[in-house]
Amino acid sequence: MNLNKKRILIISKNSTDLVNFIDLLKNDYEINTTSNYDATLLAVDMWKPMLIVCDVLMLDELYSLFLEKDLNGKIAIVFYGRKLNLKTKQRAYLAGAIDIIQIEEIGNMFLQNIRNKIQFISNNFLLNEESNKKDYMFEDRKMAIMDSLALISGIRDPYATMHNERCVEYAKILICELKRHEKYKNKLNRKQTNAIIMAVPIHDIGKVAIPEDILMKKKDLTEDEISIMKLHTAYGKNIVDALNFDTESCELIKAARDIVYYHHEDYDGKGYPLGLRGEEIPLSAQIMRLIDSYDNITNSKMYTPAYPHELAVDYIIGKRGICFSDELVTAFLEVESEFAKLL
């Protein structure tokens, strides 16, 4: 046993994965492997690894173990898998995961990812200073909350989950372009960018409070029903506020609150709920307004058909200075072909 090597416990029933892990990691780390509940329990109690790398297919079998052992601040857990949906990610975070890695194969890129995780853990996660442990897990839990809220937002509306996932991809494309513009490059650092992308899937979380007969109505809404539907922004803000995080010191929660509450504000001041005008509207909400509009036009819902990409582009151009800022539309037009590839 080499006491200087970091210990990694690999958990999987896939023997090929286990062999590949051992081959990739054995020179740099002390490796142990398990493939069932009892062996994992023994390894956690007696061998005490620094990091657990667990096949997400083992999550159901080991979920209670991870909860009961309460490994937070003691052993870091990373899940990996080839097909990961939102529900699986949410459950993994609740089990204590610090990260969930989607892979095609176990190779050098995955190895580098694991090395980065171990370095991060060494520097930030297992230090003796209690504040560092708490800060790290605090960030992890905020991400788990975002995933949970995104899952909840799709429970009643079958359209919402796919809509949210597409909007995340659109946000990545548009933000990448905006960073090239002088006006925005200092407003979209890495932390701010990640916060916006994480918050996009919960933009309509307030719709959980909208009566089902209105939310799922297949015909045009009446004026009274439209007024009720518009309340989803306020309901969403209340949900985020109820998390009781400090929005001034937390980029993720600030982005979530701004997106949830202001994503129907229009640049000319005629949107809702507050009628904000121009740059009074947070940039995150402006981005959400545009990508939400694009996806709503180009994908069918229960009461509207899908329209061509070209029509969506024409709509956004026509709303320049009305719903969207000139700069935002300009950035969109630079990457609209990338949007089309996702249809």
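Accessible areas here come from the Shrake-Rupley method with a 1.4 Å probe.

**Figure 1. The whole chain, as a starting point for the close-ups.** The model shown is predicted. With that probe, the chain exposes about 17,100 Å², and carbon and sulfur atoms supply 50% of this area. Buried residues make up 49% of the 343 residues. The secondary structure comes to 15 helices and 5 strands. Among contacts in the chain with a separation of 6 or more, 64% are between residues 24 or more positions apart.

**Figure 2. A close-up of the second largest pocket.** Its volume is about 1,200 Å³. Helix H13 supplies the largest share of the lining, 5 residues. By class, the lining of this pocket holds 16 nonpolar, 11 polar and 13 charged residues.

**Figure 3. The salt bridge between Arg 166 and Asp 295.** Side chains of opposite charge can pair when their charged atoms come close. The structure holds 17 salt bridges, and in this view the side chains of Arg 166 and Asp 295 meet at 2.6 Å, N to O. Arg 166 lies in helix H7 and Asp 295 in helix H13, so the pair ties together parts that are 129 residues apart in sequence. Are these two residues buried or exposed? Arg 166 is buried, because its relative accessible area of 17% is under the 20% cut-off. Asp 295 is buried too, with a relative accessible area of 0%.

**Figure 4. Lys 183 and Glu 327, part of a salt-bridge network.** The side chains of Lys 183 and Glu 327 meet in a salt bridge at 3.3 Å, N to O. Lys 183 lies in the loop between H7 and helix H8 (190-199), while Glu 327 lies in helix H15 (residues 326-340), so the pair ties together parts that are 144 residues apart in sequence. Which residue joins these two in a network of salt bridges? Glu 279 is linked with Lys 183 and Glu 327. Lys 183 is partly exposed, with a relative accessible area of 32%, and Glu 327 counts as partly exposed at 29%.

**Figure 5. The salt bridge between Asp 241 and Arg 257.** Here the side chains meet at 2.8 Å, N to O. The pair links distant parts of the chain, with Asp 241 in helix H11 (residues 232-241) and Arg 257 in helix H12 (residues 251-262), 16 residues apart. Asp 241 is partly exposed, with a relative accessible area of 32%. Arg 257 counts as partly exposed at 21% relative accessibility.

**Figure 6. Two backbone details worth a look.** The peptide bond from Tyr 272 to Pro 273 is cis, with omega near 15 degrees. Pro 273 sits in the loop between H12 and H13. Elsewhere, Lys 48 has a positive phi of about 50 degrees although it is not a glycine. Lys 48 is found in the loop between helix H2 (37-47) and strand E3 (51-55). At 55% relative accessibility, Lys 48 counts as exposed, because the cut-off for exposed is over 50%.

Note on methods:
Residues numbered from 1 in each chain as written. Predicted model: local features only at pLDDT ≥ 70, side-chain atom pairs only at ≥ 80, totals over all residues. Heavy atoms only, no water. 1 Å grid on protein atoms, 1.4 Å probe; cavity = no way out; pocket = protein on both sides within 12 Å on 5 of 7 lines; lining within 4 Å. Points joined across faces, edges and corners; volume = space filled by probe spheres on them. Helix = DSSP H or I, 4+ residues; strand = E, 2+ residues; numbered from the N terminus. Nonpolar A, V, L, I, M, F, W, Y, C, P; charged D, E, K, R; others polar. Salt bridge = Lys/Arg side-chain N within 4 Å of Asp/Glu carboxyl O. Buried < 20%, exposed > 50% of the residue type's maximum accessible area, 1.4 Å probe, protein only. Contact = heavy atoms within 4.5 Å.
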